[in-house]
Amino acid sequence: MKKIIFILLVAITPSFAFASVSVNFDVETSGGTLYNNTLSVAPCAVTNDPATTTISAKCALEQAGLNPQWSNFGGDDWFLTTAGGASQDFGNNIYWGWWSDLSYGNVALNKHELHDGEKLLVALGVMPLRITVSSNPTVGATTTATVEE
């Protein structure tokens with residue numbers, strides 16, 4: 001008599017894959033605040049693969065009700081062009097930028113995975129983005145200023 005052994009493989013999805021995260025979300029323009037509140041961000045579809053979900057900064061903008069519009073320039077990085085009726089203006093050097101816990105974002109918003117308790121700031125403004133001075137300037141003294149983009 002032959003024995004047949006069946007092996008049942010069960011795909012186990014980690015419980016965190018479907019959990020929401022809570023972020024302190026702030027969207028600012030020169031005209032004022034578009035959003036400033038704690039936001040529970042649920043997973044949303046990955047733009048190029050609707051069967052896969054993520055909890056990205058792109059999801060936060062979409063779930064905050066700001067009617068964001070995106071451009072991808074033919075790649076898989078999605079860049080914010082308009083949110084809450086406010087748009088970039090390349091001619092006047094006005095762009096969307098974003099910060100996570102006060103660090104400037106270095107990837108596209110659709111690739112930044114949010115973490116619980118994160119402070120996420122998305123802002124529309126003129127470059128350069130940040131100017132800091134090493135000390136209080138006095139008349140006639142040399143002062144160092146740092147410009148970060």
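Contact means heavy atoms within 4.5 Å. The model is predicted: local features need pLDDT of at least 70, side-chain atom pairs count only at pLDDT 80 or more, and totals for chains, interfaces and linings use all residues. Residues are numbered from 1 along each chain as its sequence is written, and side-chain values use heavy atoms, without hydrogens and water.

**Exercise 1.** List the residues in contact with Leu114, leaving aside neighbours within four places in sequence.

Solution. Step one: Val21, Val23 and Val41 are among the contacts of Leu114. Step two: Ile55, Ser56, Ala57, Ala60 and Leu120 are also in contact with Leu114.

**Exercise 2.** Find which members of the largest nonpolar core touch the most other members.

Solution. Step one: a nonpolar core is a set of buried Ala, Val, Leu, Ile, Met, Phe, Trp, Tyr and Cys residues joined through side-chain atoms within 4.5 Å. Buried means under 20% relative accessible area, exposed over 50%, partly exposed in between (1.4 Å probe, protein chains only). Step two: of its 27 residues, Phe25, Val41, Leu61, Leu114 and Val122 touch the most other members.

**Exercise 3.** Classify the aromatic pair of Phe25 and Tyr35.

Solution. Step one: rings of Phe, Tyr and Trp (its six-membered ring) pair if their centres lie within 6.5 Å; planes under 30 degrees apart are stacked, over 60 edge-to-face, the rest tilted. Step two: the centres of Phe25 and Tyr35 are 5.5 Å apart with 45° between the planes, a tilted pair. Step three: Phe25 counts as buried because its relative accessibility is 1%; Tyr35, at 17%, also counts as buried.
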